[in-house]
Amino acid sequence: MRRVLFLFILFSFITFSFSGKKIKFKCSKFGDINYSKYKRFLKSGIKIVDFMPGGKIKIGLIYPGSLKIRGWNKPKIKVKYLITSYGENEEEAKKKIDAIFPRIASNNFTALIETEISGDVLGRIDYVIYVPGLRTDLKIDVAEGFVDISDVNGWIEITDCKGYLKLKNLKGYVSAVTKEGDILSILKGNRWEGLTFSARTLKGDAILFMPVKFDVDLTLISLHGKIDVDYPPVEIDGEEYELIPTKKKDGEGLTQTIGEGGPPVVVQCDNGKITFKQYDPKLEYIEDN
């Protein structure tokens, strides 16, 4: 039994690691900039539009900026944004602020939110967006910035060229990838509600929090790094087995049915460490902030 399980884990590890399609990232053209030597000017705004559950939102941030998305129970989208422009002095920064702006277009079932600039301007826009949590599909491309999404059910696709991803209390289909950045995933309930959940970082670490009683087909892959496990043993044919990663070249892999099994949950680090941790929803709460 143990040998069959080992071979299945090893085969899954190899198959998943090399079967993905090539990912296209939209990266910032500015590269690494020392913002501390510039003066800045700020401008904020808010826009609310009607939007029904079941619609699709496309978000394109090809300019630096963070993105926070929260599900709520209203048939509307609320977009709060903070624009920051930089200049050699405060007057120069103030003059440039109008060259950076959000574009928001929508009807009841489709919406487009993107950052636009006029000319070669240094700055950023940070967004907080509220969407119908019952069902909203999201297609997100971020050039450089923190992406934080929680309490949304839908078809969710995320690519972030350089930034930290935080994924909490989601449902449906989730595919999230960051080229350079860490990932925090927090699952809720007794099983994944939807098709599948997958999160991948090409360069960075990942942490997965999962309830102590969760039915799932779990796959963890670190191509160049370790996997640390803090989770109770699983029961197979009346015996308990510790969750021990399988070593493969420079990395490690873990594929295991937990509980009754369920939709697949996959976390992969191409270059980085994975930490898999338990929590008891009755006793613990993983902070949003």
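## Nonpolar core

In this predicted model, the largest nonpolar core has 61 residues, and among them I69 and I129 touch the most other members. A nonpolar core here is a set of buried Ala, Val, Leu, Ile, Met, Phe, Trp, Tyr and Cys residues joined through side-chain atoms within 4.5 Å. Buried means under 20% relative accessible area, exposed means over 50%, and partly exposed lies in between (1.4 Å probe, protein chains only). In soluble globular proteins, nonpolar side chains tend to be buried together.

With residues up to four places away in sequence left out, I69 touches I59, I129, V131, L138, I140, D148, I149, S150 and V152. Contact means heavy atoms within 4.5 Å.

## Basis of the values

The model is predicted, so local features need pLDDT of at least 70 and side-chain atom pairs count only at pLDDT 80 or more, while totals for chains, interfaces and linings use all residues. Residues are numbered from 1 along each chain as its sequence is written, and side-chain values use heavy atoms, with hydrogens and water left out.

Axes are lines fitted to C-alpha atoms, for helices over the stretch in contact, and angles run from 0 to 180 degrees between N-to-C directions. Strands (E, at least two residues) and helices (H or I, at least four residues) are DSSP runs, numbered from the N terminus. Two strands pair if DSSP finds at least two bridges between them.

Strand β4 (residues 76–87) has 9 of its 12 residues buried, so β4 is largely enclosed by the rest of the structure. β1 and β4 run antiparallel and are joined by 12 bridges, with D50 having K76 in β4 as its bridge partner. β4 also pairs in the antiparallel sense with strand β7 (residues 123–132), over 8 bridges. In β7, Y130 is the bridge partner of K78, and Y127 stands opposite Y81.

## The sheet of 11 strands

Another open sheet has 11 strands, also with mixed pairing, in the order β5-β6-β2-β8-β10-β12-β14-β22-β16-β21-β20. The edge strands β5 (100–106) and β20 (246–248) each pair on one side only. The twist averages 10 degrees from one strand to the next. Strand β2 (residues 55–61) runs parallel to strand β8 (residues 136–144), and 7 bridges join them. L61 has V142 in β8 as its bridge partner.

## Disulfide

A disulfide is a pair of cysteine sulfur atoms within 2.5 Å. By this rule the count is 1 disulfide, which joins C27 to C161 with an S to S distance of 2.0 Å. The link of C27 and C161 is right-handed, with 85 degrees about the S-S bond. C27 lies in the loop between α1 (2–18) and β1 (39–50) and C161 in strand β10 (residues 153–162), so the pair ties together parts that are 134 residues apart in sequence.

C27 is partly exposed at 36% relative accessible area, whereas C161 is buried at 8%. C269 is buried, with a relative accessible area of 0%.

## Aromatic pairs

Rings of Phe, Tyr and Trp (its six-membered ring) pair if their centres lie within 6.5 Å; planes under 30 degrees apart count as stacked, over 60 as edge-to-face and the rest as tilted. The count by this rule is 6 aromatic pairs. One of them is the tilted pair of F146 and Y164, at 5.3 Å centre to centre with 50 degrees between the planes. F146 lies in the loop between β8 and β9 (147–150) and Y164 in the loop between β10 and β11, so this pair ties together parts that are 18 residues apart in sequence. F146 is partly exposed at 33% relative accessibility, and Y164 is partly exposed with a relative accessible area of 33%.

Y231 and F276 form a stacked pair, at 4.8 Å centre to centre with 20 degrees between the planes. Y231 lies in the loop between β17 and β18 (234–236) and F276 in strand β23 (residues 274–279), so the pair ties together parts that are 45 residues apart in sequence. Both Y231 and F276 are buried.

## Positive phi

N169 has a positive phi, near 55 degrees, in a residue other than glycine. N169 lies in the loop between β11 (165–168) and β12 (171–180) and counts as buried at 17% relative accessibility. K249, also not glycine, has a positive phi near 50 degrees. K249 is in the loop between β20 and β21 (251–258) and counts as exposed at 77% relative accessibility.
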